[in-house]
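Here are a few notes to read alongside the model, written for someone who likes to look at side chains one at a time. Please keep the viewer open as you go through the points.

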Amino acid sequence: MTDPIADYLTRLRNAIKAQHRVVEIPSSKLKKEITKILFEQGYILNYKFIDDTQCPSGTIKIALKYDNVDKVNAIKCLKRVSRPGLRQYTGYKDMPRVLNGLGIAIISTSRGVMTNKQACDLKVGGEVLCYVY
């Protein structure tokens, strides 16, 4: 697999379209950090990191968040920005705004993985991994 982050986002997208409550994804350090950010920003209901004997890196179990009334998911769109063949970097002055500030961009910086707002506050730039809204 050449792009594990794209696989992570695609598994989430497919689970949302099929209206699953829980999705299991193979784990890595970067995927764990992205999952923590999605939980902190309120896009997913809950998550759990499971260490398996079958998969050496373990799995991530994510409970998706749906509205009780009209069964609409909290995540409308997951868009991969930087790819292995075309990396997208940004400085803190040119930080992307997603849906005019309503969405988030997940940035991989020298100080760790964070949202575009956190990176702008710390005045660090980095690789734009994905947009979430």
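1. Let me start with Arg80, which sits in strand 4, residues 78-80. Please bear in mind throughout that this is a predicted model.

2. Is Arg80 buried or exposed? The relative accessible area of Arg80 is 15%, and the cut-off for buried is under 20%, so Arg80 counts as buried.

3. What does the side chain of Arg80 reach? One partner is the side chain of Asp3, with a polar contact at 2.9 Å. The Arg80 side chain also comes to 3.1 Å from the backbone oxygen of Leu129.

4. The surroundings of Arg80 are worth a look too. Leaving aside residues up to four places away in sequence, Arg80 touches Asp3, Ile5, Ala6, Leu9, Arg87, Leu129 and Cys130. As for Met95, 15 residues separate it from Arg80 in sequence, and the two C-alpha atoms are 16 Å apart in space.

5. Three strands make up an open sheet with the order 1-3-2, and their pairing is antiparallel. Strand 1 (22-26) and strand 2 (44-50) are the edge strands, each pairing on one side only. From one strand to the next, the twist averages 20°.

6. Val22, for instance, has Ala63 as its bridge partner in strand 3. Helix 1 (residues 4-17) packs on the sheet and touches strand 1 and strand 3, with its direction at about 165° to that of strand 1.

7. Helix 2 lies across strand 1, strand 2 and strand 3, and runs at about 155° to strand 2. Lys31 belongs to this helix, which spans residues 29-40.

8. Which side chain of opposite charge is nearest to Lys31? The answer is Asp7, at 4.6 Å. A salt bridge needs the charged atoms within 4 Å, so Lys31 is left without one, although Lys31 is buried.

9. Finally, the neighbours of Lys31. Not counting residues up to four places away in sequence, Lys31 touches Pro4, Ile5, Tyr8, Ile25, Pro26 and Ile60.

Note on methods. Residues are numbered from 1 along each chain as its sequence is written. This is a predicted model: local features need pLDDT of at least 70, side-chain atom pairs count only at pLDDT 80 or more; totals for chains, interfaces and linings use all residues. Side-chain values use heavy atoms; hydrogens and water are left out. Helices (H or I, at least four residues) and strands (E, at least two) are DSSP runs, numbered from the N terminus. Buried means under 20% relative accessible area, exposed over 50%, partly exposed in between (1.4 Å probe, protein chains only). Lys and Arg count as positive and Asp and Glu as negative; His and the chain ends are not counted. Contact means heavy atoms within 4.5 Å. A polar contact is a pair of N or O atoms within 3.5 Å; within protein, one must be able to donate a hydrogen and the other to accept it, and residues adjacent in sequence count only if both atoms are side-chain atoms. Two strands pair if DSSP finds at least two bridges between them. Axes are lines fitted to C-alpha atoms, for helices over the stretch in contact, and angles run from 0 to 180 degrees between N-to-C directions.
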